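Here are a few notes to go with the model you sent over. Have it open on your screen while you read, and take the points in order.

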Amino acid sequence: MDLLWTISTTLLLCSLLSILWKEFDRRRNRSCYLLDFVCYKPSDDRKLSSELCSDIIVRNKRLSVPDYKFLLKVVVNSGISEETYGPRSIIEGREECPTHDDCVDEVDDCMYRTLDELFLRTGISPIDVDVLVVNVSMFAPSPSLTSRIVNRYRMREDVKNFSLVGMGCSASPIAIDLVNNIFETRKRTLAVVVTSESIAPNWYCGTDKSMMLGNCLFRSGGCSFMLTNDPSLKHRAKMNLKCLVRAHIGANDDAYGCAIQKEDDEGRVGFHLSKSLPKAAVRAFAENLQRLAPKVLPMGELALYVLRGFRHRLWRSKEAKTDAATAARVNFKSGVDHFCLHTGGAAVIDAVGRALGLTNYDMEPARMTLHRWGNTSASSLWYVLGYMEAKKRLRRKDRVLMLSFGAGFKCNSCLWEVLRDLNDGGAWDDCIRAYPPQTLDNPFIEKFGWVKEA
């Protein structure tokens, strides 16, 4: 009898230990670690100086004086410097007739240069990559961009590859979400994500003001980064993904059409940005933050928010409503140390900063990224993160919130925890000491200011 009891007890303990080990192993492999990232820095001959920008504008003979005035106002208020980059087809005066090779060369240069450095920095061979994701929204050749990478680096036949197109400026969190979902079912997996945009075939040469805006903001850029759920590589990782939230309000017609690629009245293709975009952005932003708050804020801040909301409903006087509305703003800084904001434009950065109650220090990385690199679409978040690292702001256990907007209309966010002190200069290495500059004034007005008097 004692022997039977001993055997039963032993089997039960073994079963419990097996269950506990499986749960521990499952949770351990659910992690998503950022091993490293490399931001693309084009060659200096691709810089868009004020002189060159004015030449490009003047080349468009369809523009009238009112059009020149409009462009002057946009460029001067854009927050962009003379250090941003464009594709060679535009610099060489072929913006109206880019070839397929122009588009391929632009993307290839970004992908291969960042991937070469990424594999070198991590010491991981391309043949060890299990998952490959490429997101370039507005250029989708055949064979796909992922196939070009697989071919160049001679990756394995069983590598899982995904090409994301049409995702807009918010594609990076979408790619991370895709990889993280794969990590749920595969242990010890290595994933590489390449995020960029193709400017060459999407430069607008017409006169529709809603499409001319993109020429003033979007610039060449890109990033490659490596993710893994292998716990043995945690000590080499920079950050660990804590949560990711996606909001898509494309079911609303106004939100769907506020940022869309289409033809103008003369049949020229461009990227249309409508007046309803700010409204759509606010709605998507609110939807995202509503679901993000419980995941990132401490219990005390959440309880305080609920209490303020209850007081707001309880007291109905106009004065009480105003006070409650002011007090009900969630303090995201209680759960987040650094804010990595999408560089959609100076107005976008300022609006998000006001909504989150951020200081100039909090918004500095996004503003400086816009100034130095422009809006590089989905890769802009990584240039902002690179600024924080180059400035040695990121310390162990810090929490970094990435927040981006994109056509669709989408607002995506993800929260990272820094695993070790970071201080790599990356693409910022040669200029970080000059930032922040004393002034962000754009010298474009000195070259093109005559338009004001015309």
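1. Of the contacts between residues at least 6 apart in sequence, 80% join residues at least 24 apart; contact here means heavy atoms within 4.5 Å. Bear in mind that this is a predicted model, where local features need pLDDT of at least 70, side-chain atom pairs count only at pLDDT 80 or more, and totals for chains, interfaces and linings use all residues. Residues are numbered from 1 along each chain as its sequence is written, and side-chain values use heavy atoms, with hydrogens and water left out.

2. Now the overall picture. The protein has 16 helices and eleven strands, taken as DSSP runs numbered from the N terminus (helices are H or I with at least four residues, strands E with at least two). Of its 454 residues, 53% are buried, meaning under 20% relative accessible area with a 1.4 Å probe, counting protein chains only.

3. How do helices α5 and α6 cross? The axes of α5 (residues 100-122) and α6 (residues 145-153) come within 11 Å and cross at roughly 50°. That angle makes α5 oblique to α6; oblique covers what is left once under 35 degrees is called roughly parallel, over 145 roughly antiparallel and 65 to 115 roughly perpendicular. On the α5 side, the residues making the contact include Val104, Met111 and Phe119, while α6 brings in Leu145, Ile149 and Tyr153, among others. Sorted by class, this contact has nine nonpolar, no polar and four charged residues.

4. Have a look at leucine 341, which lies in strand β9 (residues 338-341). Its relative accessibility is 2%, so leucine 341 counts as buried. Beyond its neighbours within four places in sequence, leucine 341 is in contact with Ile349, Val352, Leu358, Met363, Ala366, Leu381, Val384 and Leu403. Methionine 402 is 61 residues away from leucine 341 in sequence, yet their C-alpha atoms are 6.1 Å apart.

5. Two of those partners of leucine 341, Leu381 and Val384, are also among the buried residues of α15. How many residues of helix α15 are buried? For this helix (residues 380-390), the count is eleven of eleven, with Trp382, Tyr387 and Glu389 among them. Just after α15, lysine 392 takes a positive phi of about 60°.

Note on methods. Axes fitted to C-alpha atoms, helices over the stretch in contact; angles between N-to-C directions. Nonpolar A, V, L, I, M, F, W, Y, C, P; charged D, E, K, R; others polar. Buried < 20%, exposed > 50% of the residue type's maximum accessible area, 1.4 Å probe, protein only.
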